[in-house]
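Q: I have a structure to go through with you. Let's take it piece by piece.

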Amino acid sequence: MTSPLDPHAVPWRDDAAVIGLVGLAHAGSHFSHLLLPLMFPVFIQTFGLSYAELGLLMSVFFVVSGIGQASAGFLVDRVGARPVLFAALTAFVLACLLASVAHNYATLMGVAVLLGLGNSTFHPADFTILNQKISAQRLGYAFSVHALTGNLGWAVAPIFMVGLSSLFDWRMAYLGAALMFSGILLLLVWHRASLLTHQTVHPEGAPQVHTLAFLKNTVVWWCFGFFMLTAMTLVIVQSFSVSILQAMHGVTFEAATMTLTAYMLCAAAGVVIGGFFAARLPKQSEWVVAVCMAVAALFMALCGSGWLGATATMVVLALTGLAIGVGGPSRDMMIKNATPKGATGRVYGMVYSGIDVGSAITPLMFGVFMDHGWFGSTLIGAAMVLLLSVWVALAVGRRTVHV
């Protein structure tokens with residue numbers, strides 16, 4: 001539950017400390033997403049693996065993360081977010097140590113499982129801490145920083161891992177990552193008092209609510225669907241945009257890759273802007289999300305139409321990231337508004353597992369489009385998915401009781 005304290009009674013530095021600690025942990029979570037993919041060329045050369053085998057590693061990661069995320073929410077509500085967060089970072093340390101000594105495919109599969117387990121806990125743990133510890137009027141800014149640090153984790157991972165691999169080798173890069181996660185864990189343990197959360201205490205004699213009762217709340221499933229749809233669009237951009245730009249407009253690999261980087265940077269900038277909307281319009285969050293997703297869908301459809309030239313397409317695709325980023329903090333506020341009291345971990349764990357479901361099915365669905373050379377249709381498909389998310393976001397708002 002959100003802190004009821006007057007924000008003026010809570011020093012800004014106290015809220016900032018919690019936001020910073022949770023944001024650092026979230027950056028580590030996103031960093032972990034790329035620990036395996038960044039080394040795929042090395043694994044092909046070292047272990048003779050096929051792309052299908054490498055793809056299976058990521059499928060295992062997402063399946064474990066998705067199942068684990070739905071389950072981790074129950075654990076967070078039962079034992080608190082802090083020990084679960086510590087366990088997740090420990091899993092990352094173990095995964096990196098195991099990767100540093102990997103000598104076969106089975107070991108890499110074990111790394112994928114450990115990474116998936118660690119990644120599964122962050123959203124229910126992070127949002128439970130933020131919702132309980134941050135002043136209500138600052139919560140929008142907290143959600144903005146949380147999303148921003150996730151994007152920064154994605155941005156830092158290639159520089160960190162590829163840089164250490166170039167200086168030493170890929171095994172040392174994983175050892176370096178293990179050291180980094182250990183440092184984050186020690187910092188959080190040192191400031192553990194700032195991360196303490198509490199179970200909701202029900203008045204004596206009040207009717208007992210079953211642990212799974214929140215699943216009967218249809219708005220939870222609408223939220224799950226929203227996250228699944230928006231994750232599908234992100235995966236399309238991350239996985240296929242470089243190939244699409246090269247095929248449709250003949251741009252260089254470097255230019256196409258820079259467009260993807262620009263998309264992520266624009267998304268990060270959008271998150272900063274979106275924090276102000278989330279803080280000032282907390283009860284209209286679904287409308288902010290719907291407008292942002294509708295604009296992004298329009299931009300994505302323009303890119304897929306082929307009407308724009310190469311340069312315009314790259315610019316508009318980057319601006320799509322900006323539109324989606326602006327809606328990010330309001331998206332988290334939308335979930336907060338729809339969450340029943342005392343079920344924060346369970347609800348966030350369930351709805352954020354939609355990201356893993358969307359991430360797992362999208363390469364299979366739109367990979368067929370790419371194999372058939374339907375490059376523009378792939379982006380138009382992403383636009384249609386975003387339009388569907390607009391309808392879902394408004395449906396969440398209609399089913400949410402604002403108090």
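Q: Which residues is Thr107 in contact with, leaving aside its neighbours within four places in sequence?
A: Beyond those neighbours, Thr107 is in contact with Leu98 and Ala102, where contact means heavy atoms within 4.5 Å.

Q: What kind of model is this, and how are residues numbered?
A: This is a predicted model, in which local features need pLDDT of at least 70 and side-chain atom pairs count only at pLDDT 80 or more, while totals for chains, interfaces and linings use all residues. Residues are numbered from 1 along each chain as its sequence is written, and side-chain values use heavy atoms, with hydrogens and water left out.

Q: Back to Thr107: which helix does it lie in, and is it buried or exposed?
A: Thr107 lies in helix 5; helices are DSSP runs (H or I, at least four residues), numbered from the N terminus. Thr107 has a relative accessible area of 19%. Thr107 therefore counts as buried, the term for under 20% relative accessible area, with exposed being over 50% and partly exposed in between (1.4 Å probe, protein chains only).

Q: What separates the C-alpha atoms of Thr107 and Ala95?
A: Their C-alpha atoms are separated by 9.8 Å, and the two residues are twelve apart along the chain.

Q: How do helix 4 and helix 5 cross?
A: The axes of helix 4 (residues 81-100) and helix 5 (residues 105-119) come within 8 Å and cross at roughly 165°. That makes helix 4 roughly antiparallel to helix 5. Axes here are lines fitted to C-alpha atoms, for helices over the stretch in contact, and angles run from 0 to 180 degrees between N-to-C directions. Under 35 degrees counts as roughly parallel, over 145 as roughly antiparallel, 65 to 115 as roughly perpendicular, and the rest as oblique.

Q: Which residues in helix 4 and helix 5 meet?
A: Helix 4 brings Ala88, Ala91, Phe92, Leu94, Ala95, Leu98 and Ala99, and helix 5 brings Thr107, Gly110, Val111, Leu114, Leu115, Gly118 and Asn119. The residues of this contact of helix 4 with helix 5 divide into ten nonpolar, four polar and no charged.

Q: Take Ala91. What does it touch?
A: Not counting residues up to four places away in sequence, Ala91 touches Leu114 and Gly118. Ala91 is in helix 4 and counts as buried, at 12% relative accessibility. The C-alpha atoms of Ala91 and Ala178 are separated by 9.9 Å, although these residues are 87 apart along the chain.

Q: Where is Leu185 found?
A: Leu185 is in helix 8 (residues 170-190). Leu185 is buried, at a relative accessible area of 16%. Outside four places in sequence, Leu185 is in contact with Phe86, Leu89 and Thr90. The C-alpha atoms of Leu185 and Phe86, 99 residues apart along the chain, are 6.5 Å from each other.

Q: New topic, the largest nonpolar core. Which residues touch the most other members?
A: Leu35, Leu36, Phe43, Tyr174, Phe181 and Leu188 do, out of 114 residues. Such a core is a set of buried Ala, Val, Leu, Ile, Met, Phe, Trp, Tyr and Cys residues joined through side-chain atoms within 4.5 Å.

Q: And Phe43, what does it touch?
A: Leaving out residues up to four places away in sequence, Phe43 touches Leu36, Gly48, Leu49, Leu54, Leu108, Trp170 and Tyr174.

Q: Asp332 next: buried or exposed?
A: Asp332 is buried, with a relative accessible area of 0%. Asp332 sits in helix 12 (residues 310-338). Apart from residues up to four places away in sequence, Asp332 touches Phe127, Phe143, Phe227, Tyr348 and Tyr352.

Q: At what angle do helix 7 and helix 10 pack?
A: Helix 7 (residues 139-167) and helix 10 (residues 253-280) pack at about 170°, with their axes 7 Å apart. They are therefore roughly antiparallel to each other. The residues of the contact of helix 7 with helix 10 divide into twelve nonpolar, four polar and one charged.

Q: Last one, Ser285: what is it in contact with?
A: Setting aside neighbours within four places in sequence, Ser285 is in contact with Ser330, Met333, Met334 and Asn337. Ser285 lies in helix 11 and is buried, with a relative accessible area of 1%.

Definitions and conventions. Helices (H or I, at least four residues) and strands (E, at least two) are DSSP runs, numbered from the N terminus. Ala, Val, Leu, Ile, Met, Phe, Trp, Tyr, Cys and Pro count as nonpolar, Asp, Glu, Lys and Arg as charged, and the others, Gly among them, as polar.
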